[in-house]
Amino acid sequence: DRHLVRIDPGVYARALAGRVSLDAVVGITDRLDRAQQALSIAREIGDPVLLARALAAYGGVTAYNADIAVPALTEAVSLAQQTGDTRTLAEALTWRTYAAAMGEGDPVRTCSVGEQARSLADATGDGYLSRTCGWFLGLGHTFQGNLDTSVDLLSGVIAEAAAMRDILSECAARVILANTLAYRGDTDSALDNVYAAIDLVTADASPAHAGIAYASLAFVNLSA
């Protein structure tokens, strides 16, 4: 800790927010101290761009708890709009999409916010965020029973993710596609996708995504 006094607080808060964002992406949600510290420093400094980034990261890592995530992401969206920071706005809306799906269980909001987030990600050239929004949208459509729309969306995400070697997006999209195909009664194709997802995360050693993939395997087998 004695070395931290030599680091500019704004630089340190940005680094913390970046680390928190990465934690959120790989499913590490039990290190809120970093997110809270980044947020506290950003508020103390009073830089709205930095604060928006810290809030977006905080909302991402707490997206499973809508009571915490939604206020943070709403503030992040507002600040990013005010400062014209489209990259942070796209990230905040992406996590808002996930919070709508997993924290609120609201597939309609998932799709409406997800479309906004994906359009912004595409406009800023952020392929990773665009693919993330793509599988969030697939999830939202599956929850609404729009199975064919979901299959088309997720298949596109998988193809793009495979081409870009984006293992996390491909795994997530394959898991949701497997569940969607199981709902549609196509168990063989569902199993093909879930085994492909398991192979991806086993090779990449991602425990959180592996857990999701194995949960999908159980679901598909039960639906057979």
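Colleague: Which helix holds both Arg19 and Asp23, and how many residues apart are they?

Modeller: Both sit in helix α1 (residues 9-26), four residues apart, or about one turn of the helix. Helices here are DSSP runs of H or I, at least four residues long, numbered from the N terminus. The model is predicted, so local features need pLDDT of at least 70 and side-chain atom pairs pLDDT 80 or more, while totals for chains, interfaces and linings use all residues. Residues are numbered from 1 along each chain as its sequence is written, and side-chain values use heavy atoms, without hydrogens or water.

Colleague: What joins Arg19 to Asp23?

Modeller: Side chains of opposite charge can pair when their charged atoms come close. Here Arg19 and Asp23 form a salt bridge (a Lys or Arg side-chain nitrogen within 4 Å of an Asp or Glu carboxyl oxygen), with the closest N and O atoms 3.5 Å apart. The structure holds 14 salt bridges.

Colleague: Is Asp23 buried or exposed?

Modeller: Asp23 is buried, at 3% relative accessibility; Arg19, at 38%, is partly exposed. Buried means under 20% relative accessible area, exposed over 50%, and partly exposed in between, with a 1.4 Å probe and protein chains only.

Colleague: Which residue pairs with Arg87?

Modeller: Asp126, with a closest N to O distance of 3.0 Å. Asp126 is buried, with a relative accessible area of 14%, whereas Arg87 is partly exposed at 38%.

Methods:
Helices (H or I, at least four residues) and strands (E, at least two) are DSSP runs, numbered from the N terminus.
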